[in-house]
Amino acid sequence: MSEKKKAVVLLSGGLDSATALAIARSEGFELYAISFRYGQRHEVEIESARRVAAAMGVEKHLIVDIDLRSIGGSALTADTEVPKARSVEEMAASTPVTYVPARNTIFLSFALAWAEVLEAQDIFIGVNALDYSVSGEARVWVRNSLWAKPMPIAEFYELPDDKYETVAVDPNTLQIKWHRVTGRSRHRSEGKRCFSIRLERGQEITITQDHSLFTIDPITARLIPIKGSDITVGTPIVVPFDFPEINKTWLQELSKLDIHCLPEACKKFDKRWSITLDDGYITNRLKLTRIPIQFPITDDFLYIIGLWLAEGGKSLDSEDTSLAFSIGSIPGAVDTLRRYFERFGVPLGKSPANNYDYCIHSSVFAALFWYLGLFGTAKEGQKAFPNFFWKLSQHQRRVIIAGLWDGDGSHVFNGESSMSQKSHQLIHDTYYCLSLDGIFPVIKDGRHSQKQIIIRRSQDFRRLTELYPFRHTSKRIAYEAQAAVKGRDQATGIWKCAGIWNAVSSATLPSGAKTNIYNAGGKYNEAFRAQRSAFASVPSLLPLVSSKLAFLRVSAIQETCSSFMYDLSVEGAENFVANGILAHNSGYPDCRPEYIEAFELMANLATKAGVEGRLRLKIHTPLIRMTKAEIIKTGLRLGVDYSLTHSCYDPVDSLACGRCDSCQLRLKGFREAAATDPLRYVE
């Protein structure tokens, strides 16, 4: 008969650790429990750990004395008040004061040492991290020392290790900044309820039932997380709308492109263009057209790319040598094309069929456009910005978008200008670029599988005409006229709630000022949002007033499913911007999957048994993706007697207080599990 495998189980005496112990027992392990008297506020949990260990039949129960009171930093080890009667949202808003610095690292280190002595390969810990996750296609801002761009979070997850930053909101100042990414994670989400959330201005994101976005607390007017399962149509969701600090990332202009690999790329993909490299130039067989391998990036070239994306196109596998533009109706466009291409000896030809189609015949430029990722047709939705788009300065991107909007954007009609494309990524990248300039467009579904991007706000037209070099004169005049229209910007106003008016009421202000604020802020009308300027004199509201955060209502919710979900750990923010929406990320830092993975790696590098290869140490976290109700159901199925456990942070005469975070989460879990909590409570 084979000997049982040994497992060291961290046992606090609480609900989670007792369930983890039961799971280890059900998997056939010989149990060795380890508990810690670390200077916590009470001895009750140690007594609970003894009772649970005895009931579970552990082989040995070790209690280790450590004094963490000398370090402090936690309400559990210092004379600091334990939070009481908080909502679940308040608990999740930030790392709680009951977090004990490095506690799990310390506990796991002791467990690791004991496991090595016991020659046990397995350590169980009952950590639990709720599913703060977004689907893989959600785009997040990413930068390192070499580049910066938005990318799908799934793509970011696959990038090699480096020092990365993402865009997040400082929770203290509410300002949008780059923050260091300290972890990237992916996990399976089968069996999780997932929701596709759509906002009133077209932003969309898919999250799990547990994942939180941000809303405004109607009582305190503070930003708080709200779980996917609690979001309803009409819920205000926080959306950053202006990125002045982030925009500074792209100040350096890209002056040249290195295209010396173009001939080799043509050969690799069996393109029949006769493209060759000749003394620092790209040319063809006849050598009539020559472009330098250090290809200059000029505003004319960038504007032509925009025109091409609007009024040109070739199938992805085309080998035709012509580039056709339907630009005859765009003022100055024909002259721009003729002036640019004739510099390289390529004449601009005109279609005999009508006055709108112009083309150039050049295998060199056809190959260049293909190499830059500019092939694709509007009909098939294949168009995309060039592959160097996010290497450009913001000014250079504006030139491309000006050409695109001149060619494909509308004049002003009913106070708005729009652009429609079947190429959805073109629309989304345009949105991201505009948002860097504080332009806050609407994205909506159009006809025939198109996406639309719409400019409506007068201040958006103002910034558009100030920053984007449109060459279509009548469109520019129309945009300038719309920019001069006076109107209130409701889209980025402050969400009206009791907390806003309470802040006004409690502020010390000159006589009559509060009445003016009530009137200017529209306290007595039914609008959802109020003008920010109305609250500029209220000190407690200044962070909110000066923030670049909008509150957009949820317009639609659709239940969906996803095999994998992704998450980021962000230093000093507990949030990140995904698909233009502020997503939440919080909890105890040493309960996260990436922390456990890192500790396991360290364990196998830092122990004699691991280095010698005698043991491959494994950290088991069977509860890490369970809700509290799921943990309780699992424990009851495995025969855990929860009357032996104790979860309270601040017990009174051995009775649980019923009001601290841990008690409330335990009680909530039992309710959701449709079970009775056998623990005795003060209230």
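Is W390 buried or exposed? W390 is buried, at a relative accessible area of 10%. Here buried means under 20% relative accessible area, exposed over 50%, and partly exposed in between, with a 1.4 Å probe and protein chains only.

## Basis

This is a predicted model: local features need pLDDT of at least 70, side-chain atom pairs count only at pLDDT 80 or more, and totals for chains, interfaces and linings use all residues. Residues are numbered from 1 along each chain as its sequence is written, and side-chain values use heavy atoms, with hydrogens and water left out.

## Aromatic pairs

The count of aromatic pairs is 37. Rings of Phe, Tyr and Trp (its six-membered ring) pair if their centres lie within 6.5 Å; planes under 30 degrees apart are stacked, over 60 edge-to-face, and the rest tilted. W250 and W390 make a tilted pair, 5.9 Å centre to centre with 55° between the planes. W250 sits in the loop between helix 6 (244-247) and strand 15 (256-258), and W390 in the loop between helix 10 (363-371) and helix 11, so the pair ties together parts 140 residues apart in sequence. Helices (H or I, at least four residues) and strands (E, at least two) are DSSP runs, numbered from the N terminus. W250 is also buried, at 5% relative accessibility.

F344 and F365 pair edge-to-face, at 5.4 Å centre to centre and 70° between the planes. F344 lies in the loop between helix 9 (333-342) and strand 21 (349-350), while F365 is in helix 10, 21 residues apart. Both are buried. F344 and F365 belong to one aromatic cluster, which also holds F295, F301, W308, F325, Y340, F341 and F369.

## Helix 8 against helix 11

Helix 8 (residues 299-311) and helix 11 (residues 394-408) pack at about 40°, with axes 7 Å apart. Axes are lines fitted to C-alpha atoms over the stretch in contact, and angles run from 0 to 180 degrees between N-to-C directions. The two helices are therefore oblique. Angles under 35 degrees are roughly parallel, over 145 roughly antiparallel, 65 to 115 roughly perpendicular, and the rest oblique.

Contact means heavy atoms within 4.5 Å.

## An exposed loop residue

K163 is found in the loop between helix 5 (153-158) and strand 8 (165-169). K163 is exposed, with a relative accessible area of 74%. Leaving aside neighbours within four places in sequence, K163 contacts R143 and N144. The C-alpha atoms of K163 and S12 are separated by 36 Å.
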